[in-house]
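Here are my notes on this model. Please read them with the structure open.

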Amino acid sequence: MTHVSSLTHAISINPTTGEQIGHYPFESAEALQAALARSAAGFRVWSRQPVAQRVQRLLALGQALRDNAEAMARMITLEMGKPIAQARGEIEKCAQLCAWYAEHGPAMLSAEPTLVEGGKARIEYRPLGPILAVMPWNFPIWQVLRGAVPTLLAGNTYVLKHAPNVMGSAYLLLDAFKQAGFAEGVFEVINVTPDGVSTAIADPRIAAVTLTGSVRAGMAIGAQAGAVLKKSVLELGGSDPFIVLNDANLDDAVKAAVIGRYQNTGQVCAAAKRLIVEQGIVEEFTRRFVEATRQLAVGDPLSAETYIGPMARFDLRDELDQQVRDTLEEGATLLLGGQKAEGPGNFYEPTVLAGVTDLMTSFKQELFGPVASIITARDAAHALELANDSEFGLAATIYSGNVAQAEQMASELETGGVFINGYCASDPRVTFGGVKKSGFGRELSHFGVREFCNAQTVWLDRH
């Protein structure tokens, strides 16, 4: 394939081989304007359709995802290295998302009667308009649809600006929307530079903005949206604590910690990045965790047996490697891995760092890759203190045999979500989002449906 410049094209590089597998020219200013015009026109039609008709399109989208699951999963794996079994699971999860919102979503948009003195009132949920979504590469389909499905159900239209390295996945998703019978303009894909994103945010046809990505990107997008008085929802980074107390079931805790840290090759915003273990069991937990990590199959992500594939981008592997080196120089102990794998591809060895303290790099920064940091806590109170000692606040996990104590700790954790005796996951039945530098706003559940709605009060006969 002819190699082209990243200044003029979105480029997809297979992280398993290092070969360029796709290049997509950035769209012109005229093409961007045409896409925004289609989205605005689509909104005028889509927003007036009964919710029941929107539901039928969501059900058709779920079927289209299943019909094209293998091609979409393979594209995910080729573009960003997700092991194929996990990529297939991502597509199935998206199909289930469509079905769940088709069943439960309409009730979330029903008018809410309110009794008031001297009259009657109700709250109606009205769509805002075209929503610009700037999305990341780590879950190329799920990250898009977990925001798009409830947003579309509410009657908004959706303009997707995807990460440059997964544009193949973006266009396959666009094809699925077309196959499902969505009208032109309801779901648009734009392939633009950062300047194009800024233009779209400032355009009066865009009603609001959502971004999933880095803190730096969130600050930039949030500032631009704020400057033109548009709502934004930001789902940013995380350095999630995974607390294991002395009375925890170690078998369950170790299994969950391994999955929570290394799924998607550790490239998950809500991964279990800081393993905070009470000192009475830290030695045994560490021994079991290292042994379980050693058993993870690393290799070709197209193999069904592979659990850890290559990291998605070569620059991110270099950044992760430097963070590991810095942490070791600061006094941590390397128990496993710690190296870029030899040979072609963007592999990094599954790594375990022990003796990590709150002064070290891997404690203070987000490590976006297959690296676990084990931190010793003196007791439960110290574990809570360590967990909250972070600029991030996305999610947290607590493993304990004392559920009442864990629930009390959960009430004191500065995070958007807490999982007791289970690792973090996103599910349409519950809301997802963070606090502090992990962002603001919520996705999924009824919050996801209403985030981009005008909650309009309608009064009758007010005296």
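1. Basis. This is a predicted model: local features need pLDDT of at least 70, side-chain atom pairs count only at pLDDT 80 or more, and totals for chains, interfaces and linings use all residues. Numbering starts from 1 along each chain as its sequence is written, and side-chain values use heavy atoms, with hydrogens and water left out.

2. The sheet. Six strands form an open sheet with mixed pairing, in the order β7-β6-β5-β8-β9-β19. Strands here are DSSP E runs of at least two residues, and helices are H or I runs of at least four, numbered from the N terminus. Two strands pair if DSSP finds at least two bridges between them.

3. β9 (residues 231–235) and β19 run antiparallel and are joined by two bridges. L234 has F440 of β19 as its bridge partner.

4. Helices across the sheet. Helix α5 (residues 142–153) lies across β5 (130–134), β6 (157–161), β7, β8 (208–212) and β9. Its direction is at about 160° to β6. Helix α7 (residues 194–202) lies across β5, β6 and β8, at about 155° to β5. Contact means heavy atoms within 4.5 Å. Axes are lines fitted to C-alpha atoms, for helices over the stretch in contact, and angles run from 0 to 180 degrees between N-to-C directions.

5. The whole structure holds ten aromatic pairs. Rings of Phe, Tyr and Trp (its six-membered ring) pair if their centres lie within 6.5 Å; planes under 30 degrees apart count as stacked, over 60 as edge-to-face and the rest as tilted. W137 and F368 are edge-to-face, because their ring centres are 5.9 Å apart and their planes at 80°. W137 lies in the loop between β5 and α5 and F368 in the loop between α12 (361–364) and β14 (371–377), so the pair ties together parts 231 residues apart in sequence.

6. A stacked pair. F177 and F187 stack, because their ring centres are 3.9 Å apart and their planes at 5°. F177 is in helix α6 (residues 167–179) and F187 in strand β7, so the pair ties together parts ten residues apart in sequence. Both residues are buried. One aromatic cluster contains F177 and F187 together with W46, Y158 and F182.

Notes: Buried means under 20% relative accessible area, exposed over 50%, partly exposed in between (1.4 Å probe, protein chains only).
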